[in-house]
Amino acid sequence: MKEYKNNRVQPPYSLLAELTHRCPLHCPYCSNPLEMTLKENELKTEEWCRVLTEAAEIGVVEVHFSGGEPLLWGDDLEVLIHHATRLEMYTNLITSGVGLSTEKALRLKEAGLANVQVSFQAGDAKLSNQIGGFRAFDQKRKAVQAVKEAGMHLSLNVVLHRMNIDYLDEIITLAEELEAGRLELANTQYYNWALLNRETLLPSREQIEVASKIYDAATARIGNKMEIIWVIPDYYASTPKPCMGGWGAVALTVAPNGDALPCPTAGMIEGISFENIRKSSLNQIWYESNSFNAFRGEEWMPETCRSCDLRHEDGGGCRCQAFALTGDATATDPACHLAPEHSIIEKAVLDANKSSEKPSSPVIYRNYLQHLK
């Protein structure tokens, strides 16, 4: 194993396999890139099988099949799940639920699928369909039933923002009703489509405080019957969270076109050339590539971070957020209160708290073919 100065690179633990950017939903907070991969440029079955084999060889123990909507990728999803299972990797499907019938769920279970994570946009049909830009709520409920009938573990994921956070109690009630084993309340990360819609999506401090109390009360009431994950938004934290557990530290993403990324949104960073699995092995990319080593260790850090006692905990914060807000991926994450450009965050928060009125900016819905117009 190659050793880098001030940093010993460990094998990756997790792989996010983004099969496609195609999706029936048009969520305005989507983390997919603005320039999405078209169907004809997506990896084929045999290429994904090679990725999975190489991932297992370098130490990956769990693979998350995602998108877009992975069920739109093709009928060979079962082939990939079966291949990953044979390689003794834990498999998880991250889906909108659209298109997941009981018959399909049973086939995926037979292939070895262990867990299904279904996304919801809200706790009721009207708001959920409005946020997703597609009438999918009833289909999601049917997908959940299919997962339960197939005997797989069920997780729910709800991205929280200004449009739905006031209804957190309804969201938790829905998760209880559906008998989910886990509920992830993922506050919006402001990259790509979410950054375009930040004025509409960023909640007020009062909304966060009320939601936090609802979460605390729910966890006390529910206990260990259902695991609930809740983390406050970066914009309301005084220090940033580590970048996906550390850039190139525990996980990697393979995008639909084969680009290997240290995190799902890293492709947005200009000035870094990310290697493609069609030309390089995962072993070479993980240990040797310039992109994965760009922000490992501490040598890259600006002085604000390098002399900070928290650098071992937050790793300098999120590189994608630093680039999105400052244009410089090496900058201190503006979410940190010590960052030279923390005023960017302060202004966004100030604007979100000026009044309780709805923002005047129109919602920009995610559009798979946006870049062709």
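Visitor: Why is the meeting of Asp 234 and Lys 241 called a salt bridge?
Guide: This is a predicted model, and in it the side chains of Asp 234 and Lys 241 come to 2.0 Å, N to O. The cut-off is a Lys or Arg side-chain nitrogen within 4 Å of a carboxyl oxygen of Asp or Glu, so the pair passes.

Visitor: Is Asp 234 buried or exposed, and how do you know?
Guide: Its relative accessibility is 6%. Buried means under 20%, so Asp 234 counts as buried.

Visitor: And what makes Lys 241 count as it does?
Guide: Lys 241 comes out at 30%.

Visitor: What does the salt bridge between Arg 22 and Glu 42 tie together?
Guide: Here the closest N and O atoms are 2.9 Å apart. Both residues lie in the loop between β3 and α1, so the pair ties together parts that are 20 residues apart in sequence. Arg 22 is buried at 13% relative accessible area, and Glu 42 is buried at 3%.

Visitor: What about Glu 227 and Arg 182, how far apart in sequence are the parts they tie together?
Guide: Their side chains meet at 3.0 Å, N to O. Glu 227 sits in strand β9 and Arg 182 in strand β8, so this pair ties together parts that are 45 residues apart in sequence. Glu 227, at 41%, is partly exposed, and so is Arg 182, at 25%.

Visitor: How do you know that strand β3 is largely enclosed by the rest of the structure?
Guide: Count its residues: 5 of the 5 in β3 (residues 14-18) are buried, so the strand is largely enclosed.

Visitor: What makes β3 and β4 a pair?
Guide: The rule asks for at least two bridges, and these strands have 5, so they pair, in the parallel sense. Leu 16 stands opposite His 64 in β4. β3 also runs parallel to β10 (residues 251-254), joined by 4 bridges, with Ala 17 opposite Val 254.

Visitor: Why are β9 and β11 called edge strands?
Guide: First, the whole sheet: it is open, with 9 strands in the order β9-β8-β7-β6-β5-β4-β3-β10-β11, and the pairing is mixed. β9 (227-231) and β11 (260-261) are the edge strands, as each pairs on one side only.

Visitor: Which parts make a right-handed β-α-β unit with β3?
Guide: Helix α1 (residues 45-57) and β4 do. Another such unit is made of β5, helix α3 (residues 102-111) and β6.

Visitor: What makes a set of residues a nonpolar core, and which have the most contacts inside the largest one?
Guide: Members are buried nonpolar residues joined through side-chain atoms within 4.5 Å. The largest core has 90 residues, and Phe 65, Leu 156 and Leu 185 have the most contacts inside it. Helix α5 (residues 137-150) gives the most to this core, with 6 residues. Apart from it lies another core of 18 residues, among them Tyr 191 and Phe 295.

Visitor: Which residues does Leu 185 touch?
Guide: Leaving aside residues up to four places away in sequence, they include Val 158, Ile 171, Tyr 215 and Trp 230.

Technical notes:
Residues are numbered from 1 along each chain as its sequence is written. This is a predicted model: local features need pLDDT of at least 70, side-chain atom pairs count only at pLDDT 80 or more; totals for chains, interfaces and linings use all residues. Side-chain values use heavy atoms; hydrogens and water are left out. Buried means under 20% relative accessible area, exposed over 50%, partly exposed in between (1.4 Å probe, protein chains only). Contact means heavy atoms within 4.5 Å. A crossover is right-handed if, with the strands pointing away from the viewer, the path from the first strand over the helix to the second runs clockwise.
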